[in-house]
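Colleague: I am new to this structure. Please take me through its charged side chains.

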Amino acid sequence: MDDIQVVESKPLLVDRELPGLREAVQQLAIKEHDVETPYGRLHCTMRGVPKGERPVILTFHDIGLNHKTCWDSLFQHEDMAEILHHFAVCHVDALGQHEGANTFSTGYEYPSMDELSETLPLVLKHFGLKSVIGLGMGAGAFMLTKFALDYPKMVEGLVLININPCAEGWMDWAAHKISGWTHALPDLVISHLFGKEEIHHNQDMVATYRHHVMKDMNQFNLQLFIKAYESRRDLEIERPIPGSNVRTLKCHCLLVVGDSSPAVDAVVECNTKLDPTKATLLKMADCGGMPQIDQPGKLTEAFKYFIQGMGYMPSASMTRLVRSRTASGSSVTSFEGSRSRSHTNEGPRSRSHTAEQQRGGGHVPPAPDTAPAVDQAVLKAPEVSC
């Protein structure tokens with residue numbers, strides 16, 4: 001199995017201006033917006049100002065959460081300052097899930113996951129955005145994936161935490177129905193967000209999120225959102241092979257999952273369905289169901305590499321990515337090796353477009369110590385562990 005490890009070693013770059021940069025980021029304007037959709041007003045929070053044609057980072061949370069409880073630990077981490085300096089962030093709250101949301105009226109028909117994904121082009125139109133880098137977790141990851149499949153030109157990249165592109169199987173459906181008869185709504189959310197081991201050993205964190213679900217979330221609205229997610233349709237993604245015309249993601253993707261997350265199997269399965277030249281699986285060691293809470297520093301590091309591989313932030317400060325070889329002795333491609341080139345000069349659009357990229361290329365050639373190139377049709381997507 002391909003394995004690349006992120007280790008804390010000598011930084012590639014040391015930026016003496018980082019402390020000042022963090023202070024500047026803290027002063028970024030944060031504005032709340034209500035975006036009109038056919039299903040009601042969608043609550044969005046824009047942090048910073050979009051920069052020219054550079055994409056905005058667009059986030060979408062999981063069930064039982066809102067943008068604050070899902071993403072604050074990550075975006076408030078000190079190492080995120082560089083990213084926030086280069087990119088504006090648009091946090092999207094699912095309908096009725098934001099803080100202080102009014103209860104939907106009796107008879108209100110909550111939109112399906114397909115319909116919810118169709119509200120995202122309205123968000124881009126509202127803010128005048130051409131493209132985004134999506135960051136989603138669970139239900140949010142599913143929705144952003146659906147959005148990218150339907151509107152590929154609007155999505156430059158995806159970071160998907162705990163993604164499950166499949167419809168709920170009948171056994172899962174039956175299990176959830178039975179659980180619904182015997183457990184309160186907070187218990188259902190907790191079992192979705194955290195693995196059994198984590199629930200047993202990290203009781204303080206679990207108690208914090210249980211309290212959030214009980215006290216901060218609108219229970220009626222949450223129940224509708226959960227029902228919509230459990231009723232999702234299979235995204236029907238297939239791994240492309242030469243000469244085929246299958247439904248698949250066309251943008252670069254980073255799949256993230258903690259090694260004790262309840263979503264491990266689903267994420268690994270999703271990875272097998274993606275183009276191995278555009279997808280990387282990051283399995284985080286000693287990490288539970290919420291990597292952005294457990295290990296925000298490591299996730300930020302991976303996010304920087306991902307963005308840099310897309311051609312942005314060429315001089316970002318980060319630690320080195322160390323190659324490791326498998327027991328069979330075969331070498332693996334570096335994290336950047338599965339991405340587009342990192343450029344050394346950001347032009348008016350903040351990145352350079354080479355002829356190779358315009359032809360659909362952009363894959364970095366193997367380093368001298370790597371194995372010869374192999375048929376991309378059978379190449380396995382890189383797996384990163386940290």
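Modeller: First, a definition. Buried means under 20% relative accessible area, exposed means over 50%, and partly exposed lies in between (1.4 Å probe, protein chains only). This is a predicted model, where local features need pLDDT of at least 70, side-chain atom pairs count only at pLDDT 80 or more, and totals for chains, interfaces and linings use all residues. Residues are numbered from 1 along each chain as its sequence is written, and side-chain values use heavy atoms, with hydrogens and water left out.

Colleague: How many salt bridges does a search of the whole structure find?

Modeller: Side chains of opposite charge can pair when their charged atoms come close. A salt bridge here is a side-chain nitrogen of Lys or Arg within 4 Å of a carboxyl oxygen of Asp or Glu. Searching the whole structure gives a count of eight.

Colleague: Which residue forms a salt bridge with Glu99?

Modeller: The closest N and O atoms of the pair are 3.3 Å apart. Glu99 sits in the loop between β5 (89-92) and α4 (113-117) and its partner in helix α2 (residues 67-75), so the bridge ties together parts that are 31 residues apart in sequence. Helices (H or I, at least four residues) and strands (E, at least two) are DSSP runs, numbered from the N terminus. The partner is Lys68.

Colleague: Is Asp150 buried, exposed or partly exposed?

Modeller: Asp150 forms a salt bridge with Lys146, at 2.4 Å between the closest N and O atoms. Both lie in helix α6 (residues 139-150), four residues apart, about one turn of the helix. Lys146 has 11% relative accessibility and counts as buried. Asp150 has 27%, so Asp150 is partly exposed.

Colleague: How many residues apart are Arg210 and Asp187?

Modeller: Their side chains meet in a salt bridge (2.3 Å, N to O). The pair links distant parts of the chain, with Arg210 in helix α10 (residues 203-215) and Asp187 in helix α8 (residues 185-193). The separation is 23 residues.

Colleague: Which side chain of opposite charge is nearest to Asp62?

Modeller: Asp62 is found in the loop between β4 (56-60) and α2. Asp62 is buried yet has no salt bridge, though a polar contact of 2.8 Å joins its side chain to that of His192. Such a contact is a pair of N or O atoms within 3.5 Å; within protein, one must be able to donate a hydrogen and the other to accept it, and residues adjacent in sequence count only if both atoms are side-chain atoms. Lys and Arg count as positive, Asp and Glu as negative, and His and the chain ends are not counted, so the nearest opposite charge, 8.6 Å away, is Arg232.
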